[in-house]
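Good morning, and thank you for making time for this item. I would ask you to keep the sequence and the model in view while I speak.

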Amino acid sequence: LASRVFWAVATAHSGASLVKGSDRILSTYYRDTSYGVVTESKASALSVFLSVGMLIGLFVGGKVFTAKVDNDEEDQRDYPRREMSSQLRPKNTIAFLYCLSICMCYSLAFLAMPFVRRLLHLPILVFILQIISSLGLGAGVAVQFYHIPAIVGSREFGKNRGLYAAYTDGIAALVSSVVWRIVGGAVEEGNPQGGGWAYGWAAVALLLVLCGTLMVSIIEIYVVVEGKKHSHNDL
């Protein structure tokens, strides 16, 4: 608990954990903003789209990120002059994924606004756009949620990485539960069928901006730089 690395990762991890936990409230969001298209009985099953999005993010984004990290280590062994440009590639991948998830949060907020739903006329069209946004939201945080803490733990904490992982998830869950409590109050205050959900998703997007900025810094220091040290030690 005295490690600054642990607290940095746990704080940054809370953003992805917050999105992961949104599967518990997405069904309520769909129901409140559907004008009756989504019934309560159907809504509970629809939150699965966030998990499907995370699977897509792992298959696509995870593969791309892992390949770039591996390629960077090879470049640092064989082509030292490419070192600076290669450092940008994993960081840019994570930055892109955060931008995707932030845009999807704002999309969900935008689609929760009553005037937007009236403008689009068709409630089923709004619902389809919400499902697409949910898929993108899950895909945008999958790598950060599953890959980054594990990579930092293996490189920084060695035999204690199991304890590190448990504490990291615990702190992130605590932060995300507090944020969801605040978001729930904002939704209720703003009227769930009105603009309340717009305020809620905008608050989630703001936290993702802060956590994403910190996570990108962690990528630069503890994935790229530490990976470079490991590759040099292997020579």
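Predicted model: local features only at pLDDT ≥ 70, side-chain atom pairs only at ≥ 80, totals over all residues.

Of its 235 residues, 47% are buried. If we take contacts between residues at least 6 apart in sequence, 82% of them join residues at least 24 apart.

Now to confidence. The mean pLDDT of the protein chain is 80, and 83% of the residues score at least 70. Among the elements, H7 has the highest mean pLDDT, at 90, whereas helix H10, residues 191-234, has the lowest, at 73. Over residues 76-86 pLDDT stays under 50, and the model has 17 contacts beyond four places in sequence for them. Over residues 227-235 pLDDT likewise stays under 50, and here the model has 14 such contacts, again beyond four places in sequence.

Let me turn to the helix pair. How do the axes of H1 and H7 cross? Helix H1 spans residues 4-20 and helix H7 residues 123-146; their axes come within 9 Å and cross at roughly 135°. The two helices are therefore oblique to each other, and their crossing is left-handed. On the H1 side, the residues that meet H7 are His13, Ala16, Ser17, Val19 and Lys20; on the H7 side, the residues are Leu137, Val141, Gln144, Phe145 and Tyr146. By class, the residues of this contact comprise six nonpolar, three polar and one charged.

Next comes helix H8, residues 148-156. Its buried residues are Ile148, Pro149, Ile151, Val152 and Gly153. Just after H8, glycine 158 adopts a positive phi of about 50°.

Is phenylalanine 96 buried or exposed? Its relative accessibility is 57%, and because exposed means over 50%, phenylalanine 96 counts as exposed. In sequence, phenylalanine 96 and glycine 140 are 44 residues apart; in space, their C-alpha atoms are 8.2 Å apart.

To close, I return to the confidence values: H7, one partner in the crossing with H1, is the element with the highest mean pLDDT, while residues 76-86 and residues 227-235 stay under 50.

Notes
Residues numbered from 1 in each chain as written. Heavy atoms only, no water. Axes fitted to C-alpha atoms, helices over the stretch in contact; angles between N-to-C directions. Helix = DSSP H or I, 4+ residues; strand = E, 2+ residues; numbered from the N terminus. Parallel < 35°, antiparallel > 145°, perpendicular 65-115°, else oblique. Left-handed = near helix turned anticlockwise from the far one by under 90°. Contact = heavy atoms within 4.5 Å. Nonpolar A, V, L, I, M, F, W, Y, C, P; charged D, E, K, R; others polar. Buried < 20%, exposed > 50% of the residue type's maximum accessible area, 1.4 Å probe, protein only. pLDDT = per-residue confidence, 0-100.
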